[in-house]
Amino acid sequence: MPKITASQYPSETTLLGNQDVSNLSPAVLGMIADFFKVLSEMSRLQIICALKNGEKNVSQIIEMTGLGQANVSKHLKVLTQAGIVNRTQEGVNVFYAIANPLVFPLCDIVCNSIATQLQQQNQQLESLKSFQELF
């Protein structure tokens, strides 16, 4: 199965074109929700991270994640069905790789957002500590 590169996906600026996102159909919103549901499971995120540096077989993914074999197989099936991961058989070996490379920039956006929120919370905590010192 050929590898898909980021250039084969639309850029973030052309993803919805000029369409107003408030007018997206329920069907489209359902597809978006389903994609995020796939990414909302911690074990799947671990598997995605394990595949960031290239394709791996199930044994390698198990070793990198510490997850059980049945668990890894179940999550790889979900990730494959969602088009996030692809599966390639080479003889008796099966290898998995990232099929949708935009998953990493998406994760970066989420991680940056969480980091910003934590920084703001930390600033609020420091302000509270300063206020408490007045008493």
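Is Phe 35 buried, partly exposed or exposed? With a relative accessible area of 24%, Phe 35 is partly exposed; here buried means under 20% relative accessible area, exposed means over 50%, and partly exposed lies in between (1.4 Å probe, protein chains only).

## About the model

This is a predicted model, in which local features need pLDDT of at least 70 and side-chain atom pairs count only at pLDDT 80 or more, while totals for chains, interfaces and linings use all residues. Residues are numbered from 1 along each chain as its sequence is written, and side-chain values use heavy atoms, with hydrogens and water left out.

## The chain as a whole

Let us start with the overall layout. The chain has five helices and three strands, and along the sequence they follow the pattern α-α-β-α-α-β-β-α. Both kinds of element are DSSP runs numbered from the N terminus: helices are H or I with at least four residues, and strands are E with at least two.

The chain has 135 residues, and 24% of them count as buried. Among contacts with a separation of 6 or more, 54% come from residues 24 or more positions apart, where a contact means heavy atoms within 4.5 Å.

## The sheet

Now to the strands. In general, strands of a sheet pair through backbone hydrogen bonds, either parallel or antiparallel. In this model three strands form an open sheet in the order S1-S3-S2, with antiparallel pairing. Strand S1 (56-57) and strand S2 (85-90) are the edge strands, each pairing on one side only. Two strands count as paired if DSSP finds at least two bridges between them.

S2 pairs with strand S3 (residues 93-98) over six bridges, in the antiparallel sense. Along this pairing, Arg 87 has Tyr 96 in S3 as its bridge partner, and Val 85 stands opposite Ile 98 in S3. The hairpin of S2 and S3 has two residues between the strands, and there Gly 91 takes a positive phi near 65°. S1 and S3 also run antiparallel, joined by two bridges, and Asn 57 stands opposite Phe 95 in S3. S3 is largely enclosed by the rest of the structure, because five of its six residues are buried.

The model has two salt bridges, each counted when a side-chain nitrogen of Lys or Arg is within 4 Å of a carboxyl oxygen of Asp or Glu. One joins the side chains of Asp 34 and Lys 37 (3.6 Å, N to O). Asp 34 and Lys 37 are separated by about one helical turn, because they are three residues apart in helix H1 (residues 26-39). Asp 34 is partly exposed, at 43% relative accessibility, and Lys 37 is exposed, at 53%.

The other joins the side chains of Glu 126 and Lys 129 (3.9 Å, N to O). Glu 126 and Lys 129 both lie in helix H5, three residues apart, which is about one turn of the helix. Glu 126 is partly exposed at 39% relative accessibility, and Lys 129 is partly exposed at 38%.

## An aromatic pair

The structure holds one aromatic pair. The ring centres of Phe 35 and Phe 36 are 6.0 Å apart and their planes lie at 85°, so the pair is edge-to-face. For rings of Phe, Tyr and Trp (its six-membered ring), a pair needs centres within 6.5 Å; planes under 30 degrees apart count as stacked, over 60 as edge-to-face and the rest as tilted. Phe 36 is partly exposed, with a relative accessible area of 43%.

## A nonpolar surface patch

Finally, a look at the surface. Leu 125, Leu 128, Phe 131, Leu 134 and Phe 135 form a nonpolar patch there, with about 600 Å² of accessible area together. Patches are made of residues with over 30% relative accessible area and no salt bridge, joining like charges within 9 Å and nonpolar side chains (Val, Leu, Ile, Met, Phe, Trp, Tyr) within 5 Å. Phe 135 is placed in the segment after helix H5 (103-133). Phe 135 counts as exposed because its relative accessibility is 75%.

Conventions
Areas by Shrake-Rupley, 256 points an atom, 1.4 Å probe, with all protein chains shown as cover.
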